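Please look through the structure below with care, and then follow the explanation one step at a time.

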Amino acid sequence: EGLHTLENESHTVVEMAFNFCTDSKRLQDQLEAVLERKTGSVLAPPGAKRLVCFLDDLNTCAVDKYGTQQPVAFLRQHLDYGFWYDRKKLAANE
């Protein structure tokens, strides 16, 4: 009930429960499913809404051979640099 009280004309809510099999592609696909392309490479929630993400069990993802957790690295890239890459065009999405 908590986060869904925010879901109205002003907010879009995304909830994800991470597990050992969660990878960055799944995370990216779920985020892009609720976003729309505004101009060029800019992704945003529909209309003038704000996006609220609840990510549960973030530290349960598998560690790859480089010692990183792919979904955590994906989120960190977005928070540090303000974009992520489109996997088909190999160009930045903002």
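**A pocket and the salt bridges**

In this predicted model, the largest pocket has a volume of about 200 Å³. It is lined by 13 residues, of which L31, L35, L51, H78 and W84 are the closest to its centre. Three elements, namely β3 (43–44), β4 (50–56) and α2 (70–81), each give two or more residues to this lining, and the largest share, three residues, comes from α2. Sorted by class, the lining of the largest pocket consists of 10 nonpolar, two polar and one charged residues.

We can now turn from the pocket to the charged side chains. The structure holds three salt bridges, and one of them joins D29 to K25, with 3.1 Å from N to O. Both of these residues belong to helix α1 (residues 24–33), where they lie four residues apart, about one turn of the helix. Because its relative accessibility is 37%, between the limits of 20% and 50%, D29 counts as partly exposed, and K25, at 40%, is likewise partly exposed.

R76 is exposed, with a relative accessible area of 57%, whereas D80 counts as partly exposed at 47%.

A further salt bridge links E36 with K38, whose closest N and O atoms are 3.0 Å apart. Here E36 is partly exposed at 33% relative accessibility, and K38 is partly exposed with a relative accessible area of 34%.

How values were computed: Residues numbered from 1 in each chain as written. Predicted model: local features only at pLDDT ≥ 70, side-chain atom pairs only at ≥ 80, totals over all residues. Heavy atoms only, no water. 1 Å grid on protein atoms, 1.4 Å probe; cavity = no way out; pocket = protein on both sides within 12 Å on 5 of 7 lines; lining within 4 Å. Points joined across faces, edges and corners; volume = space filled by probe spheres on them. Nonpolar A, V, L, I, M, F, W, Y, C, P; charged D, E, K, R; others polar. Salt bridge = Lys/Arg side-chain N within 4 Å of Asp/Glu carboxyl O. Buried < 20%, exposed > 50% of the residue type's maximum accessible area, 1.4 Å probe, protein only.
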